[in-house]
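Subject: Structure handover

Hello,

Here is the structure for your files. My notes on it follow below.

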Amino acid sequence: MLTVRIIPCLDVEDGQVVKGVRFTQLRRAGDPVALAMMYNEQGADEIVLLDVAASYRSRRTMVEVVERVSDSVFVPLTVGGGIRTIADMRDILNAGGDKVAICTAALERPELIIEGAARFGSQCIVVSIDAKRVGQGWHAFAKGGRIDTGIDALAWAQEAERRGAGEILLNSIDRDGTRLGYDVELTRQVADAVSIPVIASGGAGALEQVYQAVAEGHADAVLVASLLHYQEFTVADIKQYLKARGVPIR
């Protein structure tokens, strides 16, 4: 097993970090620069910045946040939310992002994955999948979890890999913000279906659940928000716990 990454997630709305439940009921959680600096000091392997209001807020607001955060921390930054074109990707990378995460735009025009990988390299292209259980499987949702595309999430992850994605950011809408634990079954099925790294996201409420995402879900990395934002645990606490359970940690 490769070293497992612990990745704090900063959902950003109007320049501030927010956190909600199942993509709704957002409440303020702090300043993105202050939180990023704290997680950097705690030993985060990467940080994810997601513009949760990208569809109706100014793109420039997020670019400014990325610039401020990248000037303050030394860990790789993945930035997502409202990235629709190669120009959008270039703006984020020029602002200090190391990777871009694309969701709705990739579902609407899968060629964007190929174009982004050709222009910036697969290592820069993260396909974010907002997955929700529908019947016996999971569908990929668009527009911040509002639109059911009817596309099977596992098949979409495999197609994203074929088109050049370097990584899958797998968000469980059903578990987001609930603290019920990651959707281990979803995570395992996607992780076992692709050869690129899969980041488990959505639902962490206890350290044991983080371990389950890795040990049972076969995730290569875990996204964590509420556990850290409200200072129940630090990144170092999570790493220490996983290390004690035999998980390779950087």
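With 250 residues, a compact globule would have a radius of gyration near 18 Å, and the chain, at 16 Å, agrees with that. The radius is taken over C-alpha atoms, and the globule rule is 2.2 Å times the number of residues to the power 0.38. The C-alpha trace spans about 45 × 40 × 35 Å along its principal axes.

This is a predicted model, in which local features need pLDDT of at least 70 and side-chain atom pairs count only at pLDDT 80 or more, while totals for chains, interfaces and linings use all residues. Residues are numbered from 1 along each chain as its sequence is written, and side-chain values use heavy atoms, with hydrogens and water left out.

The chain has ten helices and twelve strands (DSSP runs, numbered from the N terminus: H or I of at least four residues for helices, E of at least two for strands). Of the 250 residues, 56% count as buried (under 20% relative accessible area; exposed is over 50%, partly exposed in between; 1.4 Å probe, protein chains only). Of the contacts (heavy atoms within 4.5 Å) with a separation of 6 or more, 66% are between residues 24 or more positions apart.

G150 is partly exposed, with a relative accessible area of 46%. Leaving aside residues up to four places away in sequence, G150 touches H139 and A140. L77 is 73 residues from G150 along the chain, and their C-alpha atoms are separated by 30 Å.

Regards
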